[in-house]
Amino acid sequence: MTTETGYLGVTPPISTAESNEREKEVTATLMEELRNQRTFETVEEARTREAVLGRVAALVKDFVYQVSLQRGLSEAAASAAGGKIFTFGSYRLGVHGPGSDIDTLCVVPKHVSREDFFDIFEGMLRDLEGSTDVAGVPEAYVPIIKTKISGIPLDFLMARLALSAIPDDLSLKDDNLLRNLDERCVRSLNGSRVNDEILRLVPNVQVYRDSLRCIKLWAQRRAIYSNVNGFFGGVAWAILVARICQLYPNAIAGAIVSRFFIIMYQWSWPQPVLLKQIEEGPLQVRVWNPKLYPADRSHRMPIITPAYPAMCATHNVAASTQMIVTEEFKKGADVVDRVIVGTASWSELFAKHDFFHKYRYYLQVVASTDDQELHIKWAGTVESRIRQLVMKLEYVDSLILAHPFIKGFEQVSHCISSEEVGQVAQGQISDAIGKRTKADMEATGGASANTVFSTTFYIGLLVEPKPIGSVGPRKLDISYPTREFTKLVKMWEKFDEARMGIVVRNIKSSGLPDYVFDEGERQPKQPLKRPKTAKGPGKSSNTSPDMPNKKRRLVSCSSL
């Protein structure tokens with residue numbers, strides 16, 4: 001599809017040329033590598049997804065029916081009230097892989113409230129056969145219920161329209177559907193509306209899907225795929241790839257991927273990435289506008305959603321994460337350049353990140369509770385605040401950047417004493433605790449109250465090299481950021497000091513636990529030996545920040 005200008009996008013294409021033979025060759029090898037990397041789901045899993053979605057669609061209608069009866073509607077009116085699901089995210093875009101979640105929007109009529117969604121629908125999900133790990137997060141920026149049904153992960157959002165009934169043929173394209181909705185409903189609707197608009201604005205949907213599948217895998221492998229932690233989420237990556245497709249409308253996937261890295265590395269941020277001109281509308285809803293809103297002006301790498309009302313998909317990006325993403329664009333461009341000329345293979349692009357080898361110092365953030373369901377919500381709350389800690393750390397003197405890892409590490413520890421419970425809450429899980437199973441506890445008559453659920457998050461710290469000639473221990477005062485962070489997470493309305501723990505502590509790379517590494521990935525620890533010099537015993541001429549040197553130790557002034 002093209003617009004009145006004769007092209008898609010806010011500027012004319014850079015080139016309308018067809019791809020050459022070399023680009024066709026590298027596209028063929030790219031698709032082969034994507035298959036080798038198992039990015040495509042099996043036919044059986046696809047059928048399971050369709051069956052699950054069928055069950056969910058029926059459940060949403062039943063939910064609306066039950067609430068309608070509670071509101072006093074007649075049997076006929078309750079049956080006609082409807083309720084409909086819309087998928088969005090990777091599933092809607094056609095780029096999902098094995099184990100991917102299905103983002104699902106539940107559209108309900110005006111007499112069904114958000115409280116009903118979390119009180120009644122969440123309960124119906126718990127009772128659904130084959131449903132596990134149900135957890136609602138009503139206070140999230142976009143309120144959500146997470147679950148698994150028949151092993152398929154689903155994220156449920158809800159939008160209540162100003163309609164008395166939801167017809168089966170409802171389309172979300174009409175902007176007037178946004179009338180009289182609260183901001184949370186508008187945000188929930190936007191996911192589905194944005195995906196539909198992206199697919200409408202790309203010149204070739206199949207080329208777009210192949211290219212996006214590649215970029216998603218690359219971003220995941222390089223650990224920069226996470227909106228909540230200040231990197232880019234799925235929507236942002238989808239928009240970036242769509243923009244490159246607009247600029248090269250007749251190119252195939254290999255060529256799109258090559259140009260993606262070249263253009264994104266050189267992009268003049270904070271110039272926004274747009275798929276179409278931002279539309280003003282008749283509704284009283286906020287549209288992204290840096291001239292009008294100071295908060296919008298502060299966005300470092302603005303990637304703007306194409307559906308009205310336009311929003312920034314990357315408002316979480318901080319100075320540190322911008323530096324990290326830019327560095328990865330450069331590395332990706334270098335690899336793809338070599339792929340094009342035949343001196344590298346696509347597998348190099350998908351090499352695993354080096355996060356746990358990259359820094360000498362790390363922050364460890366440990367969230368712990370005594371209950372599994374409670375822990376899902378508590379760990380999610382802590383994770384959603386990690387970027388606030390990152391932004392506070394950026395103001396610390398002599399800290400170049402704070403690099404958050406994109407996921408937490410979950411552990412279940414069976415403790416036999418209060419001392420062990422305290423150790424786990426501090427992130428110190430001994431071999432004895434780590435190897436102890438639930439069966440071991442039961443065999444010794446251990447109480448279930450001593451089971452601790454913990455999730456540990458990591459932030460890499462890049463510290464400025466110690467100035468030449470300086471003496472004494474290296475001090476990095478992180479007490480204020482960590483204190484403010486713990487205060488922030490404890491402000492959660494459901495926080496219970498007796499049942500929930502939050503600890504922030506700094507560790508050296510040598511102190512990282514084995515579970516953050518793949519099998520065989522960790523290098524054997526070498527005993528540190530002070531190099532011999534002519535300056536006498538105990539003296540070292542080394543000033544390199546990378547060399548082990550007891551004089552250059554990190555002193556955390558944090559009380560945590």
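How many salt bridges does the rule count in this structure? The count comes to 30 salt bridges, where a salt bridge is a side-chain nitrogen of Lys or Arg within 4 Å of a carboxyl oxygen of Asp or Glu.

Before we look at some of them, a word on the model. It is a predicted model, so local features need pLDDT of at least 70 and side-chain atom pairs count only at pLDDT 80 or more, while totals for chains, interfaces and linings use all residues. Residues are numbered from 1 along each chain as its sequence is written, and side-chain values use heavy atoms, with hydrogens and water left out.

Side chains of opposite charge can pair when their charged atoms come close.

| Pair | Closest N and O atoms |
|---|---|
| Arg 259 and Glu 23 | 3.2 Å |
| Glu 45 and Arg 49 | 3.3 Å |
| Glu 183 and Arg 187 | 3.3 Å |

Helices here are DSSP runs (H or I, at least four residues), numbered from the N terminus. Arg 259 lies in helix α9 and Glu 23 in helix α1, so this pair ties together parts that are 236 residues apart in sequence. Glu 45 and Arg 49, by contrast, both sit in helix α2, 4 residues apart, or about one turn of the helix.

How covered are these residues? Buried means under 20% relative accessible area, exposed over 50%, and partly exposed in between (1.4 Å probe, protein chains only). Glu 23 is buried at 12%, whereas Arg 259 is partly exposed at 23%. Glu 183 is exposed at 55%, but Arg 187 is buried at 14%.

**A buried tryptophan**

Now visit helix α8, the place of Trp 237. Trp 237 is buried, with a relative accessible area of 0%. Using contact to mean heavy atoms within 4.5 Å, Trp 237 touches several residues beyond four places away in sequence, including Leu 212, Trp 218, Phe 260 and Phe 329. A polar atom of the Trp 237 side chain also lies 3.1 Å from the backbone oxygen of Phe 232.

The protein is divided into domain 1 (21-37 + 202-350), domain 2 (43-195) and domain 3 (356-466 + 476-511), with bounds from an automatic or database domain assignment. Domain 1 gives 17 residues to its contact with domain 2, which gives 16 residues. Together they bury about 1400 Å², 65% of it on carbon and sulfur atoms; buried area is the accessible area (1.4 Å probe) that two parts lose on being put together, summed over both. Across this interface the rule finds 0 salt bridges.

Key. Helices (H or I, at least four residues) and strands (E, at least two) are DSSP runs, numbered from the N terminus. A polar contact is a pair of N or O atoms within 3.5 Å; within protein, one must be able to donate a hydrogen and the other to accept it, and residues adjacent in sequence count only if both atoms are side-chain atoms.
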